[in-house]
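Take a look at the model below. We will start with one side chain and then widen the view step by step.

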Amino acid sequence: MTLLAVLLFLNAAFNAVVWPQFYKRVAKDPRARDENGKATPFLTVHVVLIAIALAIALASVIAGIAALAGAL
């Protein structure tokens, strides 16, 4: 179970570090907003993907804690 917890925490850390940085790049991309400053589908899709990745990171942390506590 310890190995499982470590892998889950590594997954969470990776997602928490990488995806917010990726969002910064996507938000600066010229395709992210139209000429009126409104979000484009390009930005919307990426925000949804990043939100899903961060939700998976949170689930990984919770599952890692559960693994360490012996609840799994």
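Start with H46. At 18% relative accessibility, H46 counts as buried, because buried means under 20% relative accessible area. Keep in mind that this is a predicted model. Where does H46 lie? It lies in helix 2. Which residues does H46 touch, leaving aside those up to four places away in sequence? H46 touches F22 and V26.

F22 lies in helix 1, which covers residues 2-28. Helix 1 also holds W19. The structure holds 1 aromatic pair. The ring centres of W19 and F22 are 5.5 Å apart and the planes stand at 90°, so the pair is edge-to-face. How much of each residue can be reached? W19 is partly exposed, with a relative accessible area of 24%. F22 is partly exposed too, with 25%.

Go back to helix 2, which runs over residues 41-69. Here we find L49. At 46% relative accessibility, L49 counts as partly exposed. L49 also belongs to a nonpolar surface patch.

Next comes a charged pair. Side chains of opposite charge can pair when their charged atoms come close. How many salt bridges does the structure hold? It holds 1. R31 forms a salt bridge with D29. Their closest N and O atoms are 2.9 Å apart. Is R31 buried or exposed? At 52% relative accessibility, R31 counts as exposed.

Now step back to the whole chain. The protein chain has 2 helices and 0 strands. Its radius of gyration is 16 Å, well over the 11 Å that the globule rule gives for 72 residues, so the chain is more spread out than a compact globule. The C-alpha atoms fill a box of roughly 55 × 15 × 10 Å, taken along the principal axes. Buried residues make up 24% of the 72 residues. The chain exposes about 5000 Å². Carbon and sulfur atoms supply 73% of that area.

Residues 24 or more positions apart account for 62% of them.

Methods:
Residues numbered from 1 in each chain as written. Predicted model: local features only at pLDDT ≥ 70, side-chain atom pairs only at ≥ 80, totals over all residues. Heavy atoms only, no water. Patch = residues over 30% accessible without salt bridge, like charges linked within 9 Å, V, L, I, M, F, W, Y side chains within 5 Å. Areas by Shrake-Rupley, 256 points an atom, 1.4 Å probe, with all protein chains shown as cover. Salt bridge = Lys/Arg side-chain N within 4 Å of Asp/Glu carboxyl O. Helix = DSSP H or I, 4+ residues; strand = E, 2+ residues; numbered from the N terminus. Buried < 20%, exposed > 50% of the residue type's maximum accessible area, 1.4 Å probe, protein only. Contact = heavy atoms within 4.5 Å. Phe/Tyr/Trp six-rings, centres within 6.5 Å; stacked < 30°, edge-to-face > 60°. Rg over C-alpha atoms; globule rule 2.2 N^0.38 Å.
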